[in-house]
Amino acid sequence: MKNRLLFFLILFTTISYAQNTFRLWHFNAKDGAEAAIGELMTKHNENAKFKSGGIQIERISYGDNVWTHRVVAFGEVGKIGRSDLKEFQQELFLERLNNYVEEWGPSYAGRFLSYVGGQPKDFPFVQIYDLELKDPDAFKKAHDKFVSKASKIIGDRPIGFGTYDIGSPGGATHWVVIGSSGFSDLISQKQLWEDNLSKEATEWAQTNGGVEFKSNFIIQVLAAFGSL
C-alpha cells in the first residue's frame, strides 16, 4: 500500500490537462465513504491553482467496470498538476484519502485525439467504451465524420475519442466517451440516433477499419476542480 501511495503521489503531482492528456486511478471506496471522500476532495481542491486542466472524481455506475470510483486528472503535456502545494500538504491529503479507500486498482494514461461539446461536469452521466482498434487512423476519420453529421442531435453533449498509451484495460487501445445529463437523456439520445442516423451509423461501421468492444460502462462525475 505504501508503494501504491507513493506511485499515486508522484503521478498526482505531475498531471496535466488541456483536452490533450489524462491519467486515471481506479479504487474501491469503503462502504459509506463516498460523501467523506467528496468532502475531502472539495476541501483540498476548492482554491487550487492548476498549471493546466484539473481533476475530477467519478462514481462508476452501470456496466462491466468492477471498481467503485475513479480519480481522473487532465492537463497539457509539460504543464503539470498544481502549482500551489508543498510536498507535505500532498502527502497529508493522500494519507487522509487512504483512510476511505478499501483498495487501489489499475491506473492508465493516454491522450485525447478529438473532442467536441461541453464539459463533463455539465453533462456528468458519461458512457465509456473501451476499444481495440485495427486501424486507428481509419477509425478516427469515421468517428469524426459521424459526430459531425450527428451534431444537431448531439447538441452540446461532449463526445471524446482517444488513446490508452500506458496500461491497456482488457486489451483496449482506445476509448470513446459520450456525455449526457442523466440516464433518461442517455437512453433518449440512443433512440434518436437509431431513428435518425441509421445511414450514418452504417457508413461508420463500414469505414472504421475494424473495432472490438472491450468494455462498456457508465461513470457519474461527482466533483470537478480546475478547468475541465
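This is a predicted model: local features need pLDDT of at least 70, side-chain atom pairs count only at pLDDT 80 or more; totals for chains, interfaces and linings use all residues.

Biologist: Which residues lie nearest its centre?

Modeller: Arg70, Phe74, Phe112, Trp175 and Val177. They belong to a lining of 22 residues.

Biologist: And which elements give two or more residues to that lining?

Modeller: Strand 1 (21-29), strand 2 (54-63), strand 3 (69-75), strand 4 (101-116), strand 5 (125-133) and strand 7 (174-180).

Biologist: Which strand gives the most?

Modeller: Strand 7, with four residues.

Biologist: How does the lining divide into nonpolar, polar and charged?

Modeller: The nonpolar residues number 17. Two are polar, and three are charged.

Biologist: OK, switching to pairing. Does strand 2 run parallel or antiparallel to strand 8?

Modeller: Antiparallel. Eight bridges join strand 2 to strand 8, which covers residues 211-226.

Biologist: Give me a landmark there. What stands opposite Gly54?

Modeller: Gly226, in strand 8.

Biologist: What about strand 5 and strand 8, how many bridges?

Modeller: Nine, and the pairing is again antiparallel. So strand 8 pairs with strand 2 and with strand 5, by the DSSP criterion of at least two bridges.

Biologist: Which residue is the bridge partner of Ile128?

Modeller: Phe217 in strand 8.

Conventions:
Residues are numbered from 1 along each chain as its sequence is written. Side-chain values use heavy atoms; hydrogens and water are left out. On a 1 Å grid over the protein atoms alone, a cavity is a set of points where a 1.4 Å probe fits but cannot get out, and a pocket is an open set with protein on both sides within 12 Å along at least five of seven lines; lining residues have an atom within 4 Å of a point. Ala, Val, Leu, Ile, Met, Phe, Trp, Tyr, Cys and Pro count as nonpolar, Asp, Glu, Lys and Arg as charged, and the others, Gly among them, as polar.
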